[in-house]
Amino acid sequence: MSGDDVVVRIDGLHKSFGHLEVVRGVDMEVRRGEVVVIFGRSGSGKSTVLRCVNFIEDPTAGSIEVAGIRLEGGHRTRRKREQIRQLRLHVGMVFQQFNLFPNMTVLDNITCAPRCAGVGSTDCTKRAMDLLDRVGLADKAGEHPIRLSGGQQQRVAIARALAMEPDVMLFDEPTSALDPELTGEVLSVMKTLSTELHMTMMVVTHEMGFAREVADRMAFFHEGRVLEEGTPQQLIEAPRNPETRAFLDAVL
């Protein structure tokens with residue numbers, strides 16, 4: 001692959017909250033069509049890195065580049081706010097909680113962002129219905145989120161994130177708020193995104209079965225740094241670092 005295949009580039013990323021530094025010099029690249037699984041203990045900086053990619057959190061230092069749009073950490077000027085808006089057009093994000101608008105139907109939740117971006121009503125509706133069909137919820141278009149199970153709500157959230165046709169999808173522990181019996185349906189949709197749509201994905205998760213089956217690469221985070229990186233076979237079957245091994249022994 002050439003450098004043009006890099007969708008996300010993270011250079012020297014640092015993030016502090018007051019005196020607490022939670023990300024300490026992370027460098028990563030994600031290439032088009034890759035699925036990168038990020039895992040590690042609570043507080044290791046995994047979710048913060050994902051939130052920095054979308055500039056939900058502004059990096060303290062370092063830079064983020066998505067789809068050729070490069071931004072440095074630091075204060076937000078008017079120009080930078082516009083650049084962030086442009087960058088976010090290329091990023092879809094799915095959170096631990098579903099964050100659906102409760103007063104809107106499923107269809108309206110999905111069409112909201114494309115409408116705001118100027119996509120025509122007919123095209124918005126067609127795109128949304130196609131996405132609902134892909135996640136197995138075409139019959140729920142007129143329902144409100146409260147009438148759906150947690151797994152169904154998360155599948156709607158995935159469809160909503162896909163509605164803007166992003167270059168990369170970010171998943172921040174998308175199954176952590178679900179009962180075990182609902183986790184499989186969400187992971188199945190995510191697997192389909194990889195195998196059928198070849199979607200570029202960064203996934204923070206402890207679902208090692210999903211990682212083993214779907215991930216191209218895995219990155220183990222420890223105390224704000226990437227401690228070990230490699231294929232699922234390398235990291236799950238033969239981790240080199242004792243910290244990686246200890247974590248996997250606890251979760252597998």
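Q: What should I know before starting?
A: This is a predicted model, where local features need pLDDT of at least 70 and side-chain atom pairs count only at pLDDT 80 or more, while totals for chains, interfaces and linings use all residues. Residues are numbered from 1 along each chain as its sequence is written, and side-chain values use heavy atoms, with hydrogens and water left out.

Q: Okay, the sheet. What order do the strands come in?
A: The order is S6-S7-S8-S3-S9-S10, an open sheet of 6 strands with mixed pairing. Strands (E, at least two residues) and helices (H or I, at least four) are DSSP runs numbered from the N terminus, and two strands pair if DSSP finds at least two bridges between them.

Q: And which strands stand at the edges?
A: Those are S6 (91-94) and S10 (225-230); each has a single partner strand, so one side of each is left without a neighbour in the sheet.

Q: How do S3 and S8 run, parallel or antiparallel?
A: Parallel: S3 (residues 35-40) and S8 (residues 201-204) are joined by 4 bridges. Ile38 stands opposite Val204 in S8.

Q: New topic: what does Phe39 pair with?
A: Phe39 forms a tilted aromatic pair with Phe220, 5.2 Å centre to centre and with 50° between the planes. Rings of Phe, Tyr and Trp (its six-membered ring) pair if their centres lie within 6.5 Å; planes under 30 degrees apart are stacked, over 60 edge-to-face, and the rest tilted.

Q: Now helices. At what angle do H5 and H6 pack?
A: About 20°, with their axes 8 Å apart. Axes are lines fitted to C-alpha atoms, for helices over the stretch in contact, and angles run from 0 to 180 degrees between N-to-C directions. H5 and H6 are therefore roughly parallel to each other (under 35 degrees is roughly parallel, over 145 roughly antiparallel, 65 to 115 roughly perpendicular, the rest oblique).

Q: Which residues of H3 meet H5?
A: Val106, Asn109 and Ile110 in H3 meet Val156, Ala159 and Arg160 in H5, where contact means heavy atoms within 4.5 Å.

Q: And what does H6 lie across?
A: H6 (residues 180-195) lies across S3, S7 (168-172) and S8, running at about 155° to S8.
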